[in-house]
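Please examine the sequence and the structure shown below.

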Amino acid sequence: MEEKILNEILKDTFTLEDFKKRVMALKLVLEKKIFASSQYKSGSEIENKALDNSMLWVQYFDKNILNEITGENFREIFEHIDHFISESTTLTIYFVFIPDENQIKEIGHWLRDSLGKPNVIFDYKIDPGLIGGCAIAYKGIYKDYSLKAKIRQEKTLLKEEFGKYLRH
Amino acid sequence: MNQQEVGYVTSSRDFLVFLDGMPTAKINDLVISESGKRGWVSALHKNEVEVLMLDEGVINPGEMFKRSDSRLSISMGEYLLGRAVNPMGVSIDGKRLMATGKDIRSELDRKAPNINMRKFITEQFVTGITLVDTLIPIGKGQRELVLGDAHSGKTAFTVDLILNQRDRNVVCIYASIGKPISQLKSLLEVLKDTGAMAYTVVIAASSSEAAPLIYLTPQTAFTVAEYFQKSGRDVLLILDDIGSHAKIYREISLLSGKTPGRESYPGDVFYQHSHLFERAGNFKDENGGGSITAIPVLEVNLADFATYLPTNLVGMTDGHLLFNSNYRNQGRSPAIDISLSVTRVGRQTQKRLQNLLSSLIRELMAKASELQTISKFSSELPFQTRLTLKQKEVLDELLNQENSTRISLQMQIILLSLTFTPIFLDKDAESIKGSKTVILDIFTKDPALKDFLEKIEDFESIEDFIKKLTLLIPVINKYLMPQNINPSIQVQQKQP
């Protein structure tokens, strides 16, 4: 049951941030439904803005699976999901631009196909200092595939080439 | 493609940061945050790396730290002499550090040399202070703890130790641990005005610095001391004050969640100091020769000084000098309680004559101490009792030495031996003080006295020496005639 719900969440969720928000939204909706109580107060502006998209996403969640979640298995299911977050090693990608939703989906699908792991999620950060390309950090190793690293690597060659065009 | 190890901040408390990542991090690796703040790896937990921050500032959750290629280390060279730096080697005296290209980089946390790299301590570390050199001698390579209550003159004593090393080819290192900036400034001024900065390095972290930086001060001091020792020089290393270091370590440990032990100190506080003091000693030529004489300073409450930290430090050093503020208030300088001070290694380094004199003086002090009690109950004292008490009075006056004065070993022997001659028996304390100044001068000027001074080491027994000295009293008295003495004139004594 826990795996089924996790797989359903991960079907169209690719980033860690989205995953956490959607799990929170799902929890709030289910709490209201099952226990008739919720921390989500529709009047709170900040919370609304942060969770609105996720609340929208919950509306499209498979209703059959939602109905299988009851008061008895609610706690175990969300403990399992929390365990998944704490145990999984997140891949962090550094972009120079802010990717939109389609780009995130594309990257997410590509990652899952390339790694052969359907449940991989990634985190992304924005670092304009990289100039171009990207950098990846996974399990404490940071690999820099950016333009900045390349320029640094070829600094001597670039200086020589530019030097040819300078008037002495 | 550029590859590095990184960690992300999972939590932070003040100067302590926990990182997730850095799979092959080692203790003492340096790490740098995205915003350029530096820290070093202080502990490795199962899922986290604990980092102590060297730079102050806000650390945000999720911030990335990169592991740098270097470890916790400092650049050193001859250029450090005459300079004041912080524990990371950054200059704090307003001048730029001039690395000459011949500097070497050394890690701060090094293992102490083992026993086959050391040799016996056989040479005396001359402090130029009569009381210490004669009664509580220190050897080159010894660790001698200076402890006492507040305002008992400990820091002034340590500064005198530095000033008296002029022209002795000794490198002095003063580690100021967590002291206020004002105190540091006045110390630097004194050292500069007296010319002592030429052979001194000051390593300081003031009380306003981050706790981890203050914690590193003694390690940096020992590392710099080892650099000079390996070039064959004798080094005097003063750690003022080691109690502040322990308190800072306690603060860091409690914040990082270590279980507190006695007096809330962590269980390894003994090791923190012992592994540092083990780096002092007298070394064989294969290990560079030279020596490191360590003088840690500790402020205690004398009413209760057998507490955790003082007993730890007394146990790991080769002796201690106990300073008493009551003595200082009575005008004694240095305010050392001789009966409670110990040297475990220094006596083997003393010259034979001075050693014999020291035994004689201790005998006199013990006798006088017994008789002082009896004398309170009797108005008519026998001659021998009165003589002993008078000799003790003379001795007390001769052991008194003003700050920033240096007396050579030979002159110390002569001055203290005069206690056992009749020269001072009819003089009061004020006259003795004035006479002392004159005597120090005439032994370098009068031909007969100068000749005697040069032949001091030929004497085999102290009794012979005192006999010969007694024969010179008429010569000395010539200079001490009432018209020749004006105790109100303060004569600054220049030492050979």
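In this predicted model, B:Ile238 has B:Ile295 of strand E17 in chain B as its bridge partner. That bridge belongs to the pairing of strand E15 of chain B, residues 234-240, with E17(B), a parallel arrangement over 7 bridges. Strand E12 of chain B, residues 145-148, also pairs with E17(B) in the parallel sense, here over 3 bridges. Within E17(B), B:Glu299 is the bridge partner of B:Gly148.

A further pairing of E17(B) runs antiparallel: 2 bridges join this strand to E16 of chain B, residues 281-282. There B:Asn282 stands opposite B:Ser291 of E17(B). Strand E17(B) itself spans residues 291-299 and is mostly covered, with 8 of its 9 residues buried.

The discussion now turns to the nonpolar cores. The largest nonpolar core holds 70 residues, and the members that touch the most others are B:Ile414, B:Phe443 and B:Phe465. Leaving aside residues up to four places away in sequence, B:Phe465 touches B:Leu353, B:Ile413, B:Ile414, B:Ser417, B:Phe452, B:Ile456 and B:Phe459.

Over all chains, the count comes to 15 aromatic pairs. The ring centres of B:Trp40 and B:Tyr215 lie 6.4 Å apart and their planes meet at 5°, so this pair is classed as stacked, planes under 30 degrees apart being the criterion for that class. The pair links distant parts of the chain, since B:Trp40 belongs to strand E4 of chain B (residues 38-44) and B:Tyr215 to helix H4 of chain B (residues 211-230), 175 residues apart. Both partners fall below the 20% limit for burial: B:Trp40 is buried at 3% relative accessibility, and B:Tyr215 is buried with a relative accessible area of 10%.

In chain A, ring pairs link A:Phe95, A:Phe97 and A:Tyr124 into a cluster.

Aromatic rings in chain B also face charged side chains. B:Arg250 lies over the face of B:Tyr265, at 4.4 Å from the ring centre. In another such arrangement, B:Arg332 is placed over the face of B:Tyr327, and the distance from the ring centre is 3.9 Å.

Definitions and conventions. Residues numbered from 1 in each chain as written. Chains lettered and ligands numbered in written order. Predicted model: local features only at pLDDT ≥ 70, side-chain atom pairs only at ≥ 80, totals over all residues. Heavy atoms only, no water. Core = buried A, V, L, I, M, F, W, Y, C linked by side-chain atoms within 4.5 Å. Buried < 20%, exposed > 50% of the residue type's maximum accessible area, 1.4 Å probe, protein only. Contact = heavy atoms within 4.5 Å. Helix = DSSP H or I, 4+ residues; strand = E, 2+ residues; numbered from the N terminus. Pairing = 2+ DSSP bridges. Phe/Tyr/Trp six-rings, centres within 6.5 Å; stacked < 30°, edge-to-face > 60°. Lys NZ or Arg CZ within 6 Å of the ring centre and 35° of its normal.
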